[in-house]
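Work through the exercises below with the sequence and the 3D structure in view. Try each task before reading its solution.

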Amino acid sequence: MKRSGSVFVTACVVLLAVAAVSHPRAQQSPTVDWSSALSWRSIGPYRGGRTKAITGVPKHPGLFYIGVVNGGVWKTDDYGRTWTPIFDDQPTASIGDIAVAPSNPDIIYVGTGEGLHRPDLSVGNGVYKSTDGGRTWSHLGLDEGQQIPRVVVDPRNPDRLFVAVLGHPYGPNPERGVFRSTDGGRTFEKVLYKDENTGASELEMDPTNPDVIYAGLWEAREGPWENAEWDGPGGGLFRSTDGGNTWQPLTNGFPAEGVSQIDVAIAPSNPKRLYASIATGRTTAIYRSDDGGDSWTRATTDNRPAARIGGGDLPVLAVDPRNPDIVYSASVVMWKSTDGGSTWRGIRGAPGGDDYQRLWIDPDNPQVIGSAVDQGAVISTNGGRTWSSWYALPTAQLYHVAADNAFPYRLCSGQQESGSACVASRGNDGEITMREWHPVGVDEYGYAAPDPLDDNIVYGGRNVTRYDRRTGQVQPVGPVAGRGGGYRVVRTQPVLFSKADPHVLFYANNMVWKTSNGGETWQRISPDLTRKTW
């Protein structure tokens, strides 16, 4: 395999040599702080990343807010054609939910911390509030909640709100459960609490009677190793009919083994009609109630609209504001039922969607639907027939950054949920656009390692692939192909070229490996560096 030298590096060396010869007696220059000449600029890629929260604003067509799990709060007033960040000056960027006060759209509440259990989660620091449409923010409290997946606001009173607090992901803490504020967030009181291991993951308020509130509790813990989350038996669905003063568990018709996590949707046109996605162990199903939660039946035997589970990634349901029989499920793809949840059809999937997180339907025009998804956020104005582009948001979660030696140079990384990309640091047409980036074959997790001697080649991924830009071929070249034989991988495995010898590529799973011929052969250079059991 022939490998050429780097033109970029060679040119720099030549220029430095000429400068030295031309000025043999030049005096030593004073030290210069070049950092003052540097500034940050975004080079993308404009390809949306994992987004947990979305809400539109009734009576304000085109106005939406989204919360990105590691990208802050964004705003659009043109149905998602363009987005503006409005939370960048705050100390956290992990967002779990956004609630706009129905009686005053200038008042916005934001719950921080994405509210899931994942090996790459980020946590927040409580609740924030804006009274001027997102131009300025104030921090309200609940700092130790760390994960706040749901906030609901009384449609009659913008100062009355309820907050679902999931709590610390890695250990017990008392700031969990459902909290209520009646003074706009200046103070909070805990109104539903079970124990230091069980937090609140869901809240819904009856739009016709704000004293009726449904809450989902979830007992869960994230372990210190990959995919170590577990669900305990302490969760369930609860209802209050007195504004949160007292709560009643709802269990009639649910699986006998108990509910570990639940998500609820209320039909606005008939609040007695409820839908719920329920997790019991490692299975999920969709249930329906026609009496406000007193009794439940399984809505469908179709497992597809309830397919997603893991770390709290329950399917999230939403009901058409005018027809209680039309219900949507944000799952691995987006599903729709028109017969009360009995039968379902898929209405949106990949590309631009793979694991849908939440839906918002305009109460005045149900043809307008917004969706938060692992690939950003998309909006439809025609009932889901067409959608805005997910190529409008620079919110990708990138695990690592590695530069190649092309000119202009490219930066490469694996992107959470969306594979990989190398994006050029400069565009030839006056801006950096989609033409300046391209996937490079690496799976969504982990390192991308551009070949320092051939910028058309990129290695990376959990088990090491080799991407050739000239042919578009992706070839597995890793020393192991799977998890057997005593070799174990997690989602982010190091793949790095040697700084001393650009021919040498290192890779590590539970052992360290080395290749000098582009992955044709590998040499194991360490013993097993891990424990045999957790």
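**Exercise 1.** Which residue's side chain meets that of D374 in a salt bridge?

*Solution.* Some ground rules come before the steps. Residues are numbered from 1 along each chain as its sequence is written, and side-chain values use heavy atoms, with hydrogens and water left out. The model is predicted: local features need pLDDT of at least 70, side-chain atom pairs count only at pLDDT 80 or more, and totals for chains, interfaces and linings use all residues.

Step 1. Apply the definition: a salt bridge is a side-chain nitrogen of Lys or Arg within 4 Å of a carboxyl oxygen of Asp or Glu. The side chain of D374 meets that of R50, at 2.9 Å from N to O.

Step 2. D374 is in the loop between β27 (369-373) and β28 (376-380), and R50 is in the loop between α1 (7-22) and β1 (51-56). The pair is 324 residues apart and links distant parts of the chain.

Step 3. Check accessibility, where buried means under 20% relative accessible area, exposed over 50%, and partly exposed in between (1.4 Å probe, protein chains only). D374 is buried at 0%, and R50 is buried at 1%.

Step 4. Look for further links. R50 and D374 belong to a network of salt bridges that also includes E114, D313 and E417.

**Exercise 2.** How many cavities of 30 Å³ or more does the structure hold, and what lines the largest cavity?

*Solution.* Step 1. On a 1 Å grid over the protein atoms alone, a cavity is a set of points where a 1.4 Å probe fits but cannot get out. Grid points are joined across faces, edges and corners, and a volume is the space filled by probe spheres set on the points. There are two such cavities of 30 Å³ or more, and the largest has a volume of about 150 Å³.

Step 1. Lining residues have an atom within 4 Å of a point. The largest cavity has 16 of them, and K52, Q261, D263, G312 and V316 lie nearest its centre.

Step 2. At least two lining residues come from each of β13 (198-205), β18 (261-266) and β26 (356-361). β18 gives the most, with three.

Step 3. Six of the six residues of β26 are buried, so this strand is largely enclosed by the rest of the structure.

**Exercise 3.** Which strands make up the open sheet of four strands, and in what order?

*Solution.* Step 1. Two strands pair if DSSP finds at least two bridges between them. The order is β37-β38-β39-β40, with antiparallel pairing.

Step 1. β37 (495-497) and β40 (523-524) are the edge strands, each pairing on one side only.

Step 2. Between β38 (residues 505-508) and β39 (residues 512-515) there are four bridges.

Definitions and conventions. 1 Å grid on protein atoms, 1.4 Å probe; cavity = no way out; pocket = protein on both sides within 12 Å on 5 of 7 lines; lining within 4 Å.
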